[in-house]
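Visitor: I am new to this structure and would like a guided look at it. Could we go through it together?

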Amino acid sequence: MKPKTRLIHGGIFGDEATGAVSTPIYQVSTYKQEAVGKFKGYEYSRTGNPTRHALEELIADVEHGHAGFAFGSGMAAITSVMMMFSAGDHIIMTDDVYGGSYRVVNKVLNRFGLEFTLVDTGNLDEVKAAVKDNTKAIFIETPTNPLLKVTDIEAVSAFAKTKDLLTIVDNTFMTPYLQNPIPLGADIVLHSATKYIGGHSDVVAGLVVVNSAELAEELHFIQNSVGAILGPQDSWLLMRGLKTLGIRMEETMANAQQIAEFLDAHDAVGTVIYPGLPAHAGHDLMSKQARGFGGMISFDVGSKDKAGELLAKLKYFTLAESLGAVESLISVPAQMTHASIPVERRGELGIVEGLVRISVGIEDVEDLIEDLENALK
Ligand SMILES: *Cc1c(COP(=O)(O)O)cnc(C)c1O
C-alpha cells in the first residue's frame with residue numbers, strides 16, 4: 001500500500017457493526033458487561049474507547065509500528081513516554097528541542113529524578129560522548145524547531161541499539177506521510193497531532209507509536225494509569241485529518257519550496273532556513289530519510305523591530321503559535337514558542353530576535369508570495 005492509500009485504508013476501515021464508512025464517535029464512558037468481567041473488549045473509556053482505538057490502529061499502521069496511543073496533547077504524549085522511565089534514568093535529547101519539551105524535562109520531570117543531557121544529535125560523536133551508565137534513551141526531534149537542524153535517524157538508532165538504548169523520535173514536523181522513523185530503526189515515534197495531523201487549527205492532541213508488544217504493554221499501562229487520553233470527538237477529528245494528510249502535505253511542500261526560493265533571492269532577507277534548499281546542511285540527509293522537506297521555513301529579517309513591521313503588514317500569514325494547518329501561520333520564536341527558553345540558551349542555539357518562522361499553508365502560492373513581497377518592501 002502506498003502512503004496516501006494507507007492514510008485512508010489503513011487501520012480499521014469504517015464501522016463493522018453498522019457498515020458506516022466513517023468510524024462513529026462513541027461518546028461513552030462505560031460499557032455493559034454480560035457478567036462480571038465478561039465484556040466485548042471495552043470496559044471503561046480511560047482504558048479503551050472504540051473511536052480512540054480506531055485512531056490508534058490507523059496511526060500505528062501509517063507509522064509502520066506495532067501499536068498506537070492517543071493522548072490529550074503532544075505534551076501529554078511526551079510526558080507519558082517519559083513516565084516509562086524511572087528515577088535515576090538518564091535520557092539524551094536534541095538541544096534545540098520544542099520549547100514545551102525543554103520545559104517539561106527541565107522543570108517538571110527533573111523533580112522526579114529523571115536526568116537529561118541536551119546535545120546536538122545531528123553530531124553522532126556528541127551523542128556517543130553523552131552516554132552514561134544510567135542512560136536509557138535518546139530522544140530526537142528532526143528537523144528541529146525553528147532552526148530545522150536534521151538528525152540521522154538511522155545512524156542514531158543503530159548506535160542506540162549497540163548500547164541497549166531506546167530511540168524516541170518527535171516526528172511532528174515531518175508527519176507520518178513524509179517520514180517514518182520506525183522502519184529506520186527507532187523504537188518510539190510521537191507527534192503533536194495538533195499540527196499537521198489535525199491540520200485545521202481545531203484540535204489539541206498527541207499520538208505515540210511503539211515498535212514492540214513489550215513497549216505497547218508498558219505504554220498502555222502508563223496511559224491507563226495516568227489518564228492522559230484523547231476524547232472520542234477529538235479522536236474522530238484526527239482520523240478525518242489523516243485522510244487528507246497526503247494531499248495537504250503535497251500542496252504545503254510545493255508552496256514552501258517556492259516561498260523559500262523567493263525569500264532566498266530577496267535582498268531584505270538574511271539567512272533562509274529550509275531543508276528543501278540545496279544549501280541547507282541537512283538537505284542530503286533529509287532527501288534520504290524523508291519523502292519531502294515539509295512546510296516550515298525560518299528566515300532572519302535582522303531585528304525584532306523589522307520582524308514586528310513584517311507581521312503588521314502581512315494579510316494571509318496569521319500571527320499565531322502552532323503550525324501545520326491549512327492556513328499559513330507566522331511567528332517570532334524568540335518572543336513566542338521559545339520564550340520559555342532562557343535568553344542565553346537561545347543565543348547559543350541561534351534563535352535570534354529577528355528570526356521569523358512561517359508555517360506554509362495550502363493557499364495559492366501566488367497570493368502568499370505577493371503578500372510577502374508587499375510586506376518586505
Ligand atoms: C507543538 C509541539 C509539541 C507539543 O504538542 P502540543 O500538542 O502543543 O502539546 C511537541 N513537539 C513539537 C515538535 C511541537 O511542534
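Guide: What follows is a conversation about the domains, some helices, salt bridges and backbone details of this predicted model.

Visitor: Let us begin with the overall layout. Into which domains is the chain divided?

Guide: The protein chain is divided into domain 1, residues 3-243, and domain 2, residues 246-376. Their C-alpha centres lie 26 Å apart.

Visitor: How many residues of each domain are in contact with the other?

Guide: In domain 1, 39 residues are in contact with 44 residues of domain 2. The two domains bury about 3,300 Å² between them, and 61% of that is on carbon and sulfur atoms.

Visitor: And how many salt bridges cross that interface?

Guide: The rule finds one salt bridge across the interface of domain 1 and domain 2. The structure holds eight salt bridges.

Visitor: Let us look at some of those. What does Lys149 meet in a salt bridge?

Guide: The side chain of Lys149 meets that of Asp95, at 3.4 Å from N to O. This pair links distant parts of the chain, 54 residues apart: Lys149 is in the loop between strand S4 (135-141) and helix H6 (153-162), while Asp95 is in the loop between strand S2 (90-94) and helix H4 (99-108).

Visitor: Are those two residues buried or exposed?

Guide: Asp95 counts as buried because its relative accessibility is 12%, under the 20% cut-off. Lys149 counts as partly exposed, at 27% relative accessibility.

Visitor: Which residue does Asp152 pair with?

Guide: Asp152 forms a salt bridge with Lys288, their side chains meeting at 3.9 Å from N to O. This pair also links distant parts of the chain, 136 residues apart, with Asp152 in the loop between S4 and H6 and Lys288 in helix H11, residues 283-289. Lys288 is exposed, with a relative accessible area of 56%.

Visitor: What about the salt bridge of Glu348?

Guide: The side chain of Glu348 meets that of Arg345 at 2.9 Å, N to O. Both residues lie in helix H13 (residues 343-349), three residues apart, which is about one turn of the helix. Glu348 is exposed, with a relative accessible area of 61%, whereas Arg345 counts as buried at 17% relative accessibility.

Visitor: While we are there, where is Gly347?

Guide: Gly347 is found in helix H13. Its relative accessible area is 54%, so Gly347 is exposed. The C-alpha atoms of Gly347 and Ala334, which are 13 residues apart along the chain, are separated by 9.6 Å.

Visitor: Changing topic to helix H14: what span should it have?

Guide: Helix H14 has 12 residues, 365-376, and at 1.5 Å a residue it should span 16 Å. Its end C-alpha atoms are 16 Å apart, which agrees.

Visitor: Which of its residues are buried?

Guide: In H14, the buried residues are Val365, Leu368, Ile369, Asp371, Leu372, Ala375 and Leu376. Seen down the axis of H14, its buried residues fall within an arc of 155 degrees, so they line one face of the helix. They pack against helix H10 (245-264) and helix H12 (304-313).

Visitor: Finally, the backbone. Which peptide bonds are cis?

Guide: Among them are the bond from Thr142 to Pro143, with omega near -5 degrees, and the bond from Asn145 to Pro146, with omega near 5 degrees. Pro143 is in the loop between S4 and H6, and Pro146 is in that loop too.

Visitor: What is the phi of His64?

Guide: His64 has a positive phi of about 60 degrees although it is not a glycine. His64 is found in the loop between H2 and strand S1 (67-71), and at 40% relative accessibility it counts as partly exposed.

Note on methods. Residues numbered from 1 in each chain as written. Predicted model: local features only at pLDDT ≥ 70, side-chain atom pairs only at ≥ 80, totals over all residues. Heavy atoms only, no water. Helix = DSSP H or I, 4+ residues; strand = E, 2+ residues; numbered from the N terminus. Expected span 1.5 Å × (residues − 1). Buried < 20%, exposed > 50% of the residue type's maximum accessible area, 1.4 Å probe, protein only. Arc of directions from axis to C-beta. Contact = heavy atoms within 4.5 Å. Salt bridge = Lys/Arg side-chain N within 4 Å of Asp/Glu carboxyl O. Domains from an automatic or database assignment. Buried area = accessible area lost by both parts, 1.4 Å probe.
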